[in-house]
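I opened the model to look up two things.

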Amino acid sequence: MAGDAGRRLSLNDWLGRDAVTVARALIGARLLVNGVGGTIVETEAYDPADPASHSFGGPRPRNTAMFGPVGRAYVYRIYGAHWCFNIVCDRTRPGSAVLIRALEPTDGLDVMAVRRGTDDLRRLCSGPGKLCQALAIDKALDHAPLDASPFALEPGSPPAGLAIGPRIGITKGAETPWRFGLKGSPFLSRPFRG
């Protein structure tokens, strides 16, 4: 894996950094699940000192993956209806993770269209719940290593433009600017303000 300075990084080194650095670095990366997926265009960072994080207050049965090894999936259900997929990061601060909010779909478009009930590319993976439905991510993949089947995660080229803003759908830490996106992408879950 190519690192920030062009050196080779293992998945563990790449994802072992702090959540904000990893959330930024994941923009432009490729994520596939059983060969279905695309390019990450939107992320949010969370760490254990963040009141909006599931890890705030320490380990509990629901969030144990966040306190496990770097490079694992943390999958949880929101509003009792939608799955959300996070990448566990930061080996120095257990409880850190990056929520993958949106992808530009590129691989397995027909499969995603069937799973989502639409062939509108912009609606396939433009939000955490849509993304999980399109890629068939559910609780069975919680704790799964991202360097093994069914996952494939590869860094991409740094984005030409990075949008930064507050995270979405939270009440605590709502103004913390830890949401990152590919500037101008039509595949974002929501446009960035300003």
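I began with R93, which is partly exposed at a relative accessible area of 34% (buried is under 20%, exposed over 50%, partly exposed in between, with a 1.4 Å probe and protein chains only). R93 forms a salt bridge with D47, 3.8 Å from N to O (a side-chain nitrogen of Lys or Arg within 4 Å of a carboxyl oxygen of Asp or Glu). D47 sits in the loop between β2 and β3 and R93 in the loop between β4 and β5, so the pair ties together parts 46 residues apart in sequence. I numbered strands from the N terminus as DSSP E runs of at least two residues, and helices as H or I runs of at least four. D47 is buried, at 14% relative accessibility.

I noted that this is a predicted model, where local features need pLDDT of at least 70, side-chain atom pairs count only at pLDDT 80 or more, and totals for chains, interfaces and linings use all residues. Residues are numbered from 1 along each chain as its sequence is written, and side-chain values use heavy atoms, leaving out hydrogens and water.

Next I checked D50 and R167. Their side chains meet in a salt bridge at 2.4 Å, N to O. The two lie 117 residues apart. Both are buried.

Then I looked up R101. R101 pairs with E44, the closest N and O atoms being 3.7 Å apart. R101 is in strand β5 and E44 in strand β2. The relative accessible area is 8% for R101 and 0% for E44. A network of salt bridges links E42, E44, R101 and R179. I found eight salt bridges in the structure.
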